[in-house]
Amino acid sequence: MGKSVIVKNVTKRYKLHTKTSERLLDIILPTGYGEDFYALRNVSFEAEEGDVVGIVGINGSGKSTLSNIIAGIVPPTSGTVKTKGETSLIAVQSGLNNQLTGRENIELKCLMLGFNKKQIRKLEPEIIEFADIGKFIDQPVKKYSSGMKSRLGFGISVTVDPDILVIDEALSVGDQTFADKCYDKMNDFKKRGKTIFFISHSIGQMKKFCEKALWLEYGRVKDYGTMKEVMPKYEKFLKDFKAMSKKEQKAYREKMLQSQGNELVKS
Ligand SMILES: Nc1ncnc2c1ncn2[C@@H]1O[C@H](COP(=O)(O)OP(=O)(O)OP(=O)(O)O)[C@@H](O)[C@H]1O
């Protein structure tokens with residue numbers, strides 16, 4: 001088994017705006033207006049082919065930012081991501097275009113992945129069958145429920161058969177039958193030596209499915225190893241964190257963020 005993903009010193013800096021004028025200036029001026037906010041700071045790790053890595057961390061730790069960077073949707077501010085093969089992201093806030101219909105989204109996504117018209121005609125029925133959203137396939141995506149979006153996003157991502165699959169909370173919406181169907185597909189991917197990154201608020205789901213865990217804490221890698229090594233430590237942290245008062249949690253967050261060079265950290 002070779003390396004399939006190598007993430008080296010990835011940092012992601014966003015601009016935070018406290019005033020509308022700052023936000024507008026940031027759009028107009030390329031230098032960027034607003035306060036720097038580091039969503040990821042020097043994140044490095046490697047994954048092998050066939051690894052199923054759960055990304056864990058409390059809200060705002062940078063899990064979605066990292067998923068988007070691995071999938072090549074968002075560029076890192078600095079650092080590098082090397083991937084072997086095609087990567088596909090499935091997220092609740094999926095990369096679907098709201099104005100286009102489901103069918104048009106299938107075409108667009110497949111074209112972006114480099115498929116030709118003939119190949120798309122072959123893939124389309126398979127995706128539609130997997131998504132199983134009936135007549136909604138010809139409706140604009142803005143009319144979909146989050147479950148429907150997830151079904152379509154999942155359908156597209158697994159049918160195009162990527163080498164690396166990134167699943168961000170996509171199984172938290174929708175019913176159990178659909179989730180089971182997705183697990184079957186994911187298990188099939190796993191058996192075929194593909195790499196999967198999985199984010200879920202359900203620790204049960206993570207434990208059931210992942211072999212490795214990457215624990216992010218406010219933008220930094222707190223731990224990376226097997227589920228067995230990392231999860232007991234993470235669960236202990238979660239328990240302690242939840243036992244804190246809101247004020248203590250806020251102070252903890254501010255202390256952590258400040259230690260990473262963030263100045264504007266008030267929630
Ligand atoms: N486009 C953006 N502009 C500014 N800040 C952002 C942007 N996207 C994310 N952030 C900030 O970066 C931090 C990490 O966000 P991210 O969504 O990656 O975390 P997460 O671990 O996925 O959180 P959650 O569990 O709540 O989904 C958060 O503090 C968030 O507010």
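Residue numbers start from 1 along each chain as its sequence is written. Because the model is predicted, local features need pLDDT of at least 70 and side-chain atom pairs count only at pLDDT 80 or more, while totals for chains, interfaces and linings use all residues.

**View 1. The shell around the ligand.** Tyr-14, Leu-16, Phe-37, Ala-39, Gly-57, Asn-59, Gly-60, Ser-61, Gly-62, Lys-63, Ser-64 and Thr-65 surround the ligand. Helices (H or I, at least four residues) and strands (E, at least two) are DSSP runs, numbered from the N terminus. By type, the shell has four nonpolar, seven polar and one charged residue. Ala, Val, Leu, Ile, Met, Phe, Trp, Tyr, Cys and Pro count as nonpolar, Asp, Glu, Lys and Arg as charged, and the others, Gly among them, as polar.

**View 2. Helix α2, mostly covered.** Eight of the eight residues in α2 (residues 63-70) are buried (20 or more other C-beta atoms within 10 Å of a residue's own, with C-beta atoms placed from the backbone; 12 or fewer is exposed, and in between is partly exposed). Among them are Lys-63, Leu-66 and Ile-70. Just past this helix, Gly-72 has a positive phi of about 80°.

**View 3. Where α4 meets α5.** The two axes come within 8 Å and cross at roughly 140°. Axes are lines fitted to C-alpha atoms, over the stretch in contact for helices, and angles run from 0 to 180 degrees between N-to-C directions. On the α4 side, the contact includes Leu-123 and Phe-130, and on the α5 side Leu-152 and Ile-156 (contact puts C-beta atoms, placed from the backbone, within 7 Å). Overall, seven nonpolar, two polar and two charged residues make up this contact.

**View 4. Two loop residues with positive phi.** Most residues other than glycine have a negative phi. Asp-132 is not a glycine, yet its phi is positive, about 50°. This residue sits in the loop between α4 (117-131) and α5 (146-159), and is partly exposed, with 15 other C-beta atoms within 10 Å. Tyr-218 has a positive phi too, near 45°, in the loop between β8 (212-217) and β9 (220-226). Tyr-218 counts as buried because it has 25 C-beta neighbours inside 10 Å.

Notes
Near = placed C-beta within 6 Å. Contact = placed C-beta atoms within 7 Å.
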